[in-house]
Amino acid sequence: PDLGFHGEMEQTFDYGARTFTVRLSPALETEVYGPDGKRLKNMPAPGKQDDPEKAKEANLAFKQMKKQLKTLRFSQALLTGRFWQAGRWQELFVKNPVMHQFAAGLIWGRYEDGVLQETFRYMEDGSFNTVKEEEYAFPEEGTIGLIHPIELSEADLAAWKEQLSDYEITQPIGQLSRPVHAVTDEEAAETTLTRFRGVTLNGLSLSGKLLAQ
């Protein structure tokens, strides 16, 4: 859902005597502005000058929107290796203003049979960028998914991190900062792996990677 936000990434909450504008930042954080255009710390409680019914309804709508915003579980999509067909991806992440904000802070990949072929970033202006900061032609067909740092070379991982830093983009989830543990030459020659004995794993992450093999 777009949670009530339009293309300009804002919506208005009407208290009757007062109206408040809420804008959505690229980090999916809400910014509340009063009737005078000044930013507020939060949505104010209804006051005596407000219309009781309108103010109550608007205040509840704001709280509900905040709760829904917190339920965006893209970490799960990353952990389970979820994929979208190219056309469906466009509908979900380009045409939906909330998802548009979210998608612009992540690194995506085109996959064939579950194997990463190339990576790209969705820009806020609607264009696409490669790791070398060249224009990327979004595929008309194919499968799109969130990349995991384990799929990238050290050079590409460093380049993507540098690009996000240069554009002052903070990722909405810790995508590129996820730790990667490579098997050592000694471990590769063994039939058991003891380095992580006793470590608890996220079930979604484990099942997603095993099922992708």
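Helix α3 (residues 86-93) lies across β5, β6, β7 (115-122), β8 and β9, and runs at about 100° to β5. Helices (H or I, at least four residues) and strands (E, at least two) are DSSP runs, numbered from the N terminus; contact means heavy atoms within 4.5 Å. Axes are lines fitted to C-alpha atoms, for helices over the stretch in contact, and angles run from 0 to 180 degrees between N-to-C directions. The model is a predicted one, in which local features need pLDDT of at least 70 and side-chain atom pairs count only at pLDDT 80 or more, whereas totals for chains, interfaces and linings use all residues. Residues are numbered from 1 along each chain as its sequence is written, and side-chain values use heavy atoms, with hydrogens and water left out.

The open sheet has five strands in the order β5-β9-β6-β7-β8, with antiparallel pairing; two strands pair if DSSP finds at least two bridges between them. Its edge strands, β5 (83-85) and β8 (128-129), each pair on one side only. Strands β6 (residues 107-112) and β9 (residues 143-146) run antiparallel and are joined by four bridges. Leucine 146 in β9 is the bridge partner of tryptophan 108.

Within α3, Ala86, Trp89 and Phe93 are buried, that is, under 20% relative accessible area, with exposed over 50% and partly exposed in between (1.4 Å probe, protein chains only). These residues cover an arc of only 55° around the axis and are therefore on the same side of α3; the arc is that of the directions from the helix axis to the C-beta atoms. An α-helix has 3.6 residues a turn, so residues three or four places apart point the same way.

A nonpolar core is a set of buried Ala, Val, Leu, Ile, Met, Phe, Trp, Tyr and Cys residues joined through side-chain atoms within 4.5 Å. The largest has 17 residues, of which Trp89, Phe93, Trp108, Phe120, Phe128, Phe138 and Ile144 touch the most other members. At least two residues of this core come from each of α3, α4 (97-103), β7 and β9. Not counting residues up to four places away in sequence, phenylalanine 138 touches Ala86, Trp89, Gln90, Phe120, Phe128 and Ile144. Another core, of 16 residues, lies apart from the largest one and includes Leu3, Phe13, Val32 and Met43.

Strands β1 (residues 10-14) and β2 (residues 19-24) run antiparallel and are joined by five bridges. The two form a hairpin with four residues between them, and glycine 16 in the turn has a positive phi of about 95°. Glutamine 11 lies in β1, and its bridge partner in β2 is valine 22. At 12% relative accessibility, glutamine 11 counts as buried. Leaving aside neighbours within four places in sequence, glutamine 11 is in contact with Leu3, Gly4, Phe5, Phe20, Thr21, Val22 and Met65. Strand β2 also pairs with β3 (residues 30-33), in the antiparallel sense over four bridges, and leucine 24 stands opposite threonine 30 in β3.

The secondary structure of the protein comes to seven helices and nine strands. Of the 213 residues, 38% are buried.
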